[in-house]
Amino acid sequence: MEEENSDINNGTVDTGKAERSVWLMKCPLVISNSWQSRASSSDPQPVSKVVLSLDPLRPDDPSAVQFTMEMNGSDMGPRSYSLNMFKDFVPMSIFSESQGRVAVEGKVEHKFDMKPHNENFEEYGRLCRERTNKSMIKNRQIQVIDNDRGVHMRPMPGLVGFGSSAKEKKKTAPVKPVEMKRTRRDRGELEDIMFKLFERKPNWALKQLVQETDQPAQFLKEILNELCVYNKRGTNQGTYELKPEYKKAVDNPGAD
């Protein structure tokens, strides 16, 4: 006997009850909690009983066999539950562990799903709603701090909201200003404005002209393509200047 216990403690599994038939049941959480609390008490009364109902007129019909579980005690919600039995499932075994010893307690012969009877659905639904509402309540606690000078409450350097680090400043993208929609002027009026601008200086960038005229860039490009030449290279690269024929008109406004 001592050698057998030594083998079990060394990592072997006790399979003496491996062929014993056991039932596996899936039950609601409220039933599981109630059974665990009753198991630790000294009450000798059983926590529940299983009732097997048979139809003698249909001895070979599996659907004629019905299992019902009736609960004892008023803290378990509905008192009566249906047990839906299943035989078609993956073979399973039950294991236990006590003081480092592992044992096979049996193989599952029947599997049951536990659900309230139809007449108890309303009561069970109320119980589920109460449980959900309780889980949503946050328990706030007030704790007295021994160190009333607030040394432990000082924010550390680099904390979010107290001081931004260099990396956080780099990640912060600049906010682009919202551009207002510009309204097109009359074409002739805009051309007169353009000529006056080129009287002030001979070369303008598109961005500068948009700011001066307050006109849409695309519309302004259409006018510039007719009146101006775009400098792609040289000292005035990236700017517009009037075409030679328009330059003469600007330089000699009184000429015919």
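Helix axes here are lines fitted to C-alpha atoms over the stretch in contact, and their angles run from 0 to 180 degrees between N-to-C directions. The model is a predicted one, in which local features need pLDDT of at least 70 and side-chain atom pairs count only at pLDDT 80 or more, while totals for chains, interfaces and linings use all residues. Residues are numbered from 1 along each chain as its sequence is written, and side-chain values use heavy atoms, with hydrogens and water left out.

**View A. Helix 6 meets helix 7****.** The axes of helix 6 (residues 206-213) and helix 7 come within 10 Å and cross at roughly 110 degrees. That makes the two helices roughly perpendicular (65 to 115 degrees). Leu-206, Leu-209, Val-210 and Thr-213 of helix 6 touch Ala-217, Leu-220, Lys-221 and Leu-224 of helix 7, where contact means heavy atoms within 4.5 Å.

**View B. The two sides of helix 7****.** Within helix 7 (residues 217-227), you will find Phe-219, Leu-220, Ile-223, Leu-224 and Leu-227 buried (under 20% relative accessible area; exposed is over 50%, partly exposed in between; 1.4 Å probe, protein chains only). Seen down the axis, these buried residues fall within an arc of 140 degrees, so they line one face of the helix (the arc is that of the directions from the helix axis to the C-beta atoms). Exposed Gln-218 and Asn-225 sit on the face turned away from the buried side.

**View C. A salt bridge between Glu-226 and Arg-187****.** Glu-226 lies in helix 7 and Arg-187 in helix 5 (residues 187-200), so the pair ties together parts that are 39 residues apart in sequence.

Conventions: Helix = DSSP H or I, 4+ residues; strand = E, 2+ residues; numbered from the N terminus. Parallel < 35°, antiparallel > 145°, perpendicular 65-115°, else oblique. Salt bridge = Lys/Arg side-chain N within 4 Å of Asp/Glu carboxyl O.
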